[in-house]
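Okay, thanks for coming, everyone.

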Amino acid sequence: MTLASLASSTSDRAGAGIGNLKHSGGPWTNASGIASALRASTEKSRSSLGLGHEGVVSGAAGFASASSLKNVLKSWEERLMAVTDECEYLEGALLKVAKEMGETDIAVGNSLKATQAGHEHR
């Protein structure tokens with residue numbers, strides 16, 4: 001396997017892999033963005049759910065189901081808040097991985113370039 005940034009057409013590299021190890025600007029950053037979008041969407045849904053239930057309890061006064069509806073609303077709000085919190089955590093954690101992996105890509109690439117340059121000067 002070779003780094004894409006060090007790929008060479010020289011014959012001494014015959015048989016080398018064609019894969020690359022680049023992580024930066026790719027899947028981790030993308031996943032973080034998706035977690036952020038899911039967090040925002042879930043929060044919007046949670047807010048809409050609350051607005052949709054406004055006046056239900058007073059409008060259903062005297063019905064046994066009014067209390068049940070209030071409990072169901074509370075349960076869904078708690079679940080959606082847990083999803084929102086998890087997405088917020090994942091957004092930050094995935095960005096951290098993207099940063100660390102990107103820095104690793106750069107460090108490994110620089111190290112290999114230095115090694116390659118030293119090999120060419122022999």
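So, Arg39 first: it comes out partly exposed, at a relative accessible area of 26%. By that I mean between the two cut-offs, where buried is under 20% relative accessible area and exposed is over 50%, with a 1.4 Å probe and protein chains only. Before I go on, this is a predicted model, where local features need pLDDT of at least 70, side-chain atom pairs count only at pLDDT 80 or more, and totals for chains, interfaces and linings use all residues. Residues are numbered from 1 along each chain as its sequence is written, and side-chain values use heavy atoms, with hydrogens and water left out.

What does Arg39 pair with? Its side chain meets that of Glu91 in a salt bridge, 3.7 Å from N to O. Arg39 sits in helix H1 (residues 27–52) and Glu91 in helix H3 (residues 65–120), so the pair ties together parts that are 52 residues apart in sequence. Salt bridge here means a side-chain nitrogen of Lys or Arg within 4 Å of a carboxyl oxygen of Asp or Glu; helices are DSSP runs of H or I, at least four residues, and strands are runs of E, at least two, numbered from the N terminus.

How many salt bridges does a search of the whole structure find? Two. The other pair is Glu43 with Arg46, with the closest N and O atoms 2.8 Å apart. Both of those lie in H1, three residues apart, which is about one turn of the helix. Glu43 is partly exposed too, at 24% relative accessibility.

Now, Ser32, also in H1. Buried or exposed? Buried, at 3% relative accessibility. Leaving out residues up to four places away in sequence, Ser32 touches Glu91, Leu94 and Leu95, where a contact means heavy atoms within 4.5 Å. The buried residues of H1 are Ser32, Ala35, Thr42 and Gly50.

Quick geometry check on H1: at 1.5 Å a residue, its 26 residues should span 38 Å, and the end C-alpha atoms are 37 Å apart, which agrees. The expected span is 1.5 Å times one less than the number of residues.

Zooming out, the protein has three helices and zero strands. Of its 122 residues, 15% count as buried. Among contacts between residues at least 6 apart in sequence, 73% join residues at least 24 apart.
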